Amino acid sequence: MSTDSLDQAAYDHLWMHFTRMSGYRDSPVPTIVRGEGARIYDRDGKSYLDGLAGLFVVQAGHGRVELAEAAYKQAQELAFFPLWSYAHPQAIELADRLADYAPGDLNKVFFTTGGGEAVETAWKLAKQYFKLVGKPMKHKVISRAIAYHGTPQGALSITGIPDAKKYFEPLVPGAFKVPNTNFYRAAEISGVPALGEDLEAFGRWAADQVEAMILAEGADTVAAVFVEPVQNSGGCFPPPPGYFQRLREICDRHDVLLVSDEVICAFGRLGTMFACEKFDYVPDIITCAKGMTSGYSPIGAAVVSDRIAAPFYEGTNYFPHGYTFGGHPVSAAVAMANLDLFEREGLNQHVLDNEGAFRATLEKLKDLPIVGDVRGDGYFYGIELVKDKDTKATFDDDESERLLRGFLSKALYDAGLYCRADDRGDPVVQLAPPLIVGQAEFDEIEQTLRSVLTEAWTRL
Ligand SMILES: Cc1ncc(COP(=O)(O)O)c(C=O)c1O
């Protein structure tokens, strides 16, 4: 198709995700045609730094021929077979490998095609597990404010973003929300000013809110707690020291499953294969997807402990759940090749070696009047924008609309940086580049943000 026909067809036929389509009636959809390393290219050949690894996905970078070849080879050998009573070596080997990477007794892998399905799977599994062990009332779930866990109706119930849910209510009942670990706004969230000065005490308080919710709902009705190691929505909230250890104790005390939603954080985003390793806790289930193949083919998984899987392996019991494309042979083969590449190139170690430099480079932006906070871990950062640094006052709806939607996203893109300005919580710029980048790209990100955010400030 010619450029003009592509633009017209995009508006006429391609319904984009989480996108205001009206914005593309008169202006073309940005169209990316190629990627190489940490850079992507539009159809005019203009290059952009991929500051978001596509969508927290392309860990190994773009244009990796060996991943394309793994897909090509597998499609020739066995393009498709399901995991319904039959298996194929690619899914078996990948499950074995994920079990090796996972901590504790997390040894059983249930494949899906993406992250939301993995979350959906984990909730269904938790519900059925408690029925099988004679605690049939345990079915509710607890998750955190502003957290995103996917769009299937169960996963959307677990999601804590009111705007993402409101049109689809009533959703699956039984999902309750507790505060997240946004330390920048700890005093505001907790109503206790002293917690804004004491990270560990804030972490204890935040974990205790989970226990309070379990008790308020009745421990004999609560099945699971879903948390991301570092919460993405709202702008990268790392866990305070001790938070996950306390959460683990609380879950154990009340026989509630701890689900670590690592759809973003696994596969090197924080410098470890699974992110619970970074913060030293062992969940009952890990949900993961995105980076498993670096995006060269879709796949997701729920990695489940032997303890939780045990009753499903008894007698006539089984888990009546699955997906045609779950654990697709091509995706599984690509995942194996991707994980080989991780090992060979030491991608996790590269992130661990460079995360301090990434943080230090981004923190330079704190001298700008619009930058309230820089937070994150590994290669995963959020930069919170404020209109008054002293009071931490955020933007009203109108200002957010003008600043984020009307100016920032496009200005960053025009300046050669693909990333996201997000206002699902307080307004943030999200950064999660491919794991192959180093100081040169950190500097490029910092300089582009500096010039665009300086301009944004003058427009307020
Ligand atoms: C933490 C988390 N859980 C679940 C999902 C849903 O994953 P998917 O879009 O693959 O369904 C996402 C997507 O960004 C996510 O970040």
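Select S1 and strand S2 (residues 39–42): they pair in the antiparallel sense over 4 bridges. Strands pair here if DSSP finds at least two bridges between them. Strands (E, at least two residues) and helices (H or I, at least four) are DSSP runs, numbered from the N terminus. Now pick out Glu 36, which stands opposite Arg 39 in S2.

A word on the model before you go on. Residues are numbered from 1 along each chain as its sequence is written. The model is predicted: local features need pLDDT of at least 70, side-chain atom pairs count only at pLDDT 80 or more, and totals for chains, interfaces and linings use all residues.

Strands of a sheet pair through backbone hydrogen bonds, either parallel or antiparallel.

Next, the other sheet on this tour. Select the open sheet of 7 strands with the order S4-S10-S9-S8-S7-S5-S6, also of mixed pairing. Which strands stand at its edges? Strand S4 (106–112) and strand S6 (175–178) do; each has a single partner strand, so one side of each is left without a neighbour in the sheet. The twist averages 20° from one strand to the next.

Zoom in on strand S5 (residues 140–144) and strand S7 (residues 222–227), which pair in the parallel sense over 3 bridges. Val 141 is opposite Ala 224 in S7.

Residues are in contact if their C-beta atoms, placed from the backbone, lie within 7 Å. Axes are lines fitted to C-alpha atoms, for helices over the stretch in contact, and angles run from 0 to 180 degrees between N-to-C directions.

Last stop: H4. Which residues of H4 are buried? They are Gln 90, Ala 91, Leu 94, Ala 95 and Leu 98. Buried means 20 or more other C-beta atoms within 10 Å of a residue's own, exposed 12 or fewer, and partly exposed in between. On the other side of H4, select Asp 96 and Asp 100, which are exposed. Finally, show what covers the buried residues of H4, including helix H3 (65–77) and helix H13 (329–345).

How values were computed
Contact = placed C-beta atoms within 7 Å.
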